[in-house]
Amino acid sequence: MIMTKWPHKDLLDTDHLTLAEVTYLLNMAREFQEINTRPVKKVPTLRGKGVVLFFAEDSTRTKTSFDVAGKRLSADTFSLGKSGSSIAKGESLKDTALTLQAMSPDIIVIRHSSSGAARFLAERLACSVVNAGDGWHAHPTQALLDAYTLREYWQGKMAGKTLLIVGDITHSRVARSNIHLLNLLGISVRVFGPKTLLPRDIDAWPVSVYANLSEAVAGVDAVMCLRLQLERQQAGLLPDLSEYAAQFCLTRDHLAKAAPGAPLLHPGPINRGLEIASDLADAPESRILDQVAAGVALRMAVLFTLGMRNEYASEEPHVSPS
Ligand code: CP
């Protein structure tokens with residue numbers, strides 16, 4: 001796996017990555033996935049590096065997997081949240097970031113409810129910044145782990161496939177980062193959701209918009225169901241939730257209209273019975289837990305690449321335990 005010096009200090013979204021860079025990260029994640037199956041799941045590659053997990057918004061999957069990823073690479077990981085920190089006393093994002101920087105971390109992983117928060121930090125800090133989800137804007141490591149999951153499922157054959165994204169597109173940073181990346185990988189993207197939860201400029205996006213779920217799902221090679229983001233809804237965007245479920249909840253009958261064997265993805269957390277039928281979430285077609293497992297390996301690849309970007313200019317990644 002040869003790569004000249006990694007050119008990016010930060011990972012803020014998928015739209016600044018080339019196909020070669022994405023392929024590099026996915027290939028490296030594959031090597032780290034193998035380490036995750038060993039009895040001793042730890043390598044010394046980031047020993048002495050510090051990774052701050054600055055999560056000013058709730059998370060289970062992303063925060064835990066970055067923490068596990070850092071620890072499996074022997075980095076020192078430190079957690080900071082909104083509650084229990086001086087953010088709760090009114091300290092600004094800039095002052096919080098400068099305070100963290102003064103402790104000399106190598107990487108800050110940030111989740112924040114404001115779109116642009118990760119870029120704000122990246123422009124002010126010398127260390128690498130990884131966007132773990134900022135407002136509606138971007139969630140690049142989710143998109144990369146989704147691509148990893150699909151690539152494994154399809155045994156590397158990505159180009160020419162079609163994927164349907166169903167649900168709340170407007171509020172979804174996962175959809176935005178995925179659409180950039182899926183297009184880069186040669187995958188056509190369809191979207192379907194309530195009109196009130198489609199962005200106003202959706203016609204300018206590189207997707208095909210469908211008005212009917214049965215038509216949208218017909219023949220697709222994969223389906224990605226999005227969480228209905230109840231915490232981001234503004235009054236009046238939705239009918240009541242039971243009406244939403246009746247019209248937009250993805251079921252096994254819907255998935256049966258996709259291509260045979262089409263996998264079902266969901267970034268989580270899932271609202272069972274609201275955007276996804278409970279039996280579909282647990283069905284053999286569901287890759288939801290594969291996505292979670294891929295998240296650890298993919299985030300190991302990201303932390304490794306940024307943490308070692310100055311040390312390993314053009315060598316093979318050093319991933320074997322010693
Ligand atoms: N998919 C995702 O970002 O999940 P968490 O909010 O649990 O991190």
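**View 1. Helix α2 passes helix α11 in a right-handed crossing.** A crossing is called right-handed if the near helix is turned clockwise from the far one by less than a right angle, and left-handed if anticlockwise. Helices here are DSSP runs of H or I with at least four residues, strands are runs of E with at least two, and both are numbered from the N terminus. This is a predicted model, in which local features need pLDDT of at least 70, side-chain atom pairs count only at pLDDT 80 or more, and totals for chains, interfaces and linings use all residues. Residues are numbered from 1 along each chain as its sequence is written, and side-chain values use heavy atoms, with hydrogens and water left out.

Look for α2 at residues 61-72 and α11 at residues 288-307; their axes lie 8 Å apart at an angle of about 55°. Axes are lines fitted to C-alpha atoms, for helices over the stretch in contact, and angles run from 0 to 180 degrees between N-to-C directions. The two helices are therefore oblique to each other. Angles under 35 degrees count as roughly parallel, over 145 as roughly antiparallel, 65 to 115 as roughly perpendicular and the rest as oblique. Among the residues that meet here are F66 and V68 of α2 and V292 and M300 of α11, where contact means heavy atoms within 4.5 Å. The contact of α2 with α11 divides into seven nonpolar, four polar and three charged residues. Ala, Val, Leu, Ile, Met, Phe, Trp, Tyr, Cys and Pro count as nonpolar, Asp, Glu, Lys and Arg as charged, and the others, Gly among them, as polar.

**View 2. Helix α5 also meets α11.** The axes of α5 (residues 140-153) and α11 come within 8 Å and cross at roughly 115°. This crossing of α5 past α11 is right-handed. You can find L144, L145 and Y148 among the α5 residues in the contact, and A294, L298 and V302 among those of α11. Six nonpolar, five polar and three charged residues make up the contact of α5 with α11.

**View 3. Helix α1 packs against α5.** Helix α1 covers residues 19-35, and its axis is 10 Å from that of α5, at an angle of about 70°. That makes α1 roughly perpendicular to α5. Including V22, L25 and L26, residues of α1 meet residues of α5 such as L144, A147 and Y148.

View 4. Domain 1 spans 19-139 + 292-307 and domain 2 spans 142-287, with bounds that come from an automatic or database domain assignment. Buried area is the accessible area (1.4 Å probe) that two parts lose on being put together, summed over both. L26, W136 and H139 supply 37% of the area that domain 1 buries against domain 2, more than any other three residues.

View 5. Most residues other than glycine have a negative phi, and most peptide bonds are trans.
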